[in-house]
Amino acid sequence: MNTKKVPSREFIVFFLFLMGCLRQDDLSAPEMYCVDELSPNISLMEVLDSFDGSTREIRNDWVVEAYVISSDKSGNFYNTLHLQDRPAAPQVGVQVELELRNSHLFYPVGQKVLLKLKGLFIGRSKGIFKLGNAYTSFGNVQVGRIPKHAIVDHVLKMCGPPHALIPTRLFVQDLIAQPSNTLVELKEMEFMLELKDSTYAQIEVETVRTMQDCDDREIGLLNSGYSDFQKETLPTGKGSITAIYYPEGGKPQLMIRSPEDLDLRGERCEDLITEFTSESLIISELADPDNNTAARYVELHYSGSETLSLNRWRLDRYTNDNTERGSTIDLSALTLFPGQFLLIASDAAVFEQTYGFAPDLQGGTNSPADSNGDDNLVLIDPFGSVIDIFGVVGEDGSGTSHEFEDGRAYRKEGIQLGNPVFDPSEWEVFNDTGGSGTTNQPQQAPGDFTPGSRD
């Protein structure tokens with residue numbers, strides 16, 4: 001093995017400082033000193049398992065073995081090293097904060113390192129484990145960068161050439177079980193079609209570009225607006241991506257070292273049809289109980305003969321006489337079976353307490369499920385078409401045929417198809433005024449309402 005004897009600490013500090021200050025264009029890979037007489041005495045997994053939830057200083061003489069999986073050569077990483085505990089099938093990963101530019105020249109991808117942890121701080125930010133120095137922000141201790149002069153005391157390069165890393169091959173849906181800060185490979189990935197001609201990132205702005213697999217499962221690719229490839233155009237084909245799994249804040253994300261981590265030269269996935277329309281989904285009941293406004297709800301009924309995915313369907317509310325929608329409920333996560341009712345409550349807990357069963361969705365305050373009786377509701381399919389409507393957009397419902405204040409509006413049983421134009425003859429409407437053919441009879445919950453039934 002062709003290794004160098006470890007020189008004085010002062011020399012290494014000066015060397016790192018000098019190299020860190022030079023422009024990257026002026027640099028070639030330096031002859032880096034290494035160590036081979038030190039051994040790990042604890043695993044990275046054991047260290048992370050010891051974390052108690054608050055940032056703290058490590059006071060044990062722990063030495064950890066790890067492998068470099070990141071590179072700042074193309075500028076997508078800045079003053080960080082990303083490490084995992086094994087070159088293949090890693091169990092854990094960690095982000096090391098350090099004050100060192102061009103760290104790839106000292107710690108190339110695959111390099112085995114030893115971390116001397118005594119004196120460093122361990123913390124967790126947005127779900128990501130970090131090691132480094134410490135600073136205080138608004139009275140809270142946070143993990144910050146290891147100063148240049150202290151890097152050689154904590155991040156030691158082991159003698160020998162870099163190891164070949166084997167990314168963990170996964171599908172998008174499997175990432176949730178993958179440890180963060182580890183190297184992964186995903187097949188049959190492509191950028192969203194609407195990103196055609198887009199660049200990797202906006203200039204000087206951290207940017208997420210969405211990728212998807214052939215089943216439309218999505219994940220974000222996080223890119224720095226300062227990277228060397230920021231202004232390059234995203235590839236348009238399908239293929240594989242090798243990247244660091246970085247689920248910051250619980251949001252699944254990937255980070256690449258350079259565009260070479262992408263091999264997207266194949267034919268794109270065939271279009272997967274996931275949006276469907278149907279006239280058989282209707283608004284079947286609206287509730288504004290006189291005795292309990294928190295028990296308001298909207299009921300939809302599906303009378304079709306085939307299962308219906310509600311991907312990109314929505315229910316809009318137009319408040320009073322407004323012509324711009326005031327709120328909306330996204331129904332995309334739902335699928336309906338023939339004959340099924342969909343109950344959307346203003347307050348799920350109050351709905352269950354009042355009517356004796358849980359609703360399918362909670363819309364929340366001021367949502368389409370929380371109308372006070374003079375608003376207009378519109379059911380929109382994935383293609384932007386109005387499938388059904390209650391009321392007249394732009395007309396305040398007070399005193400009209402579509403006022404159900406303190407009452408109830410329910411669709412007559414014979415009506416099975418949606419109507420994009422409001423027809424009062426299709427409805428029975430109860431309220432506290434009785435104007436325009438409605439019935440002046442405030443409704444009391446639960447007895448006057450029939451959620452989940454068209455009786």
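## Disulfide pairing

When the bonded cysteines of the protein chain are numbered in sequence order, they pair as 1-2, 3-4. Two disulfides are counted, a disulfide being a pair of cysteine sulfur atoms within 2.5 Å.

## Basis of the model

This is a predicted model, in which local features need pLDDT of at least 70 and side-chain atom pairs count only at pLDDT 80 or more, while totals for chains, interfaces and linings use all residues. Residues are numbered from 1 along each chain as its sequence is written, and side-chain values use heavy atoms, with hydrogens and water left out.

## Cys34 and Cys159

Cys34 is joined to Cys159 by a disulfide with an S to S distance of 2.1 Å. This link is right-handed, with 90° about the S-S bond. The pair connects distant parts of the chain, 125 residues apart: Cys34 lies in the loop between α1 (9–21) and α2 (44–49), and Cys159 in the loop between β9 (155–157) and β10 (168–170). Helices (H or I, at least four residues) and strands (E, at least two) are DSSP runs, numbered from the N terminus.

Both Cys34 and Cys159 are buried. Buried means under 20% relative accessible area, exposed over 50%, and partly exposed in between (1.4 Å probe, protein chains only).

## Cys214 and Cys269

The sulfur atoms of Cys214 and Cys269 are 1.9 Å apart and form a disulfide. With -70° about the S-S bond, this link is left-handed. Distant parts of the chain, 55 residues apart, are again linked: Cys214 is in the loop between β12 (207–213) and β13 (218–223), and Cys269 in the loop between β16 (262–266) and β17 (281–287).

Cys214 is partly exposed, at a relative accessible area of 22%, whereas Cys269 is buried, at 11%.
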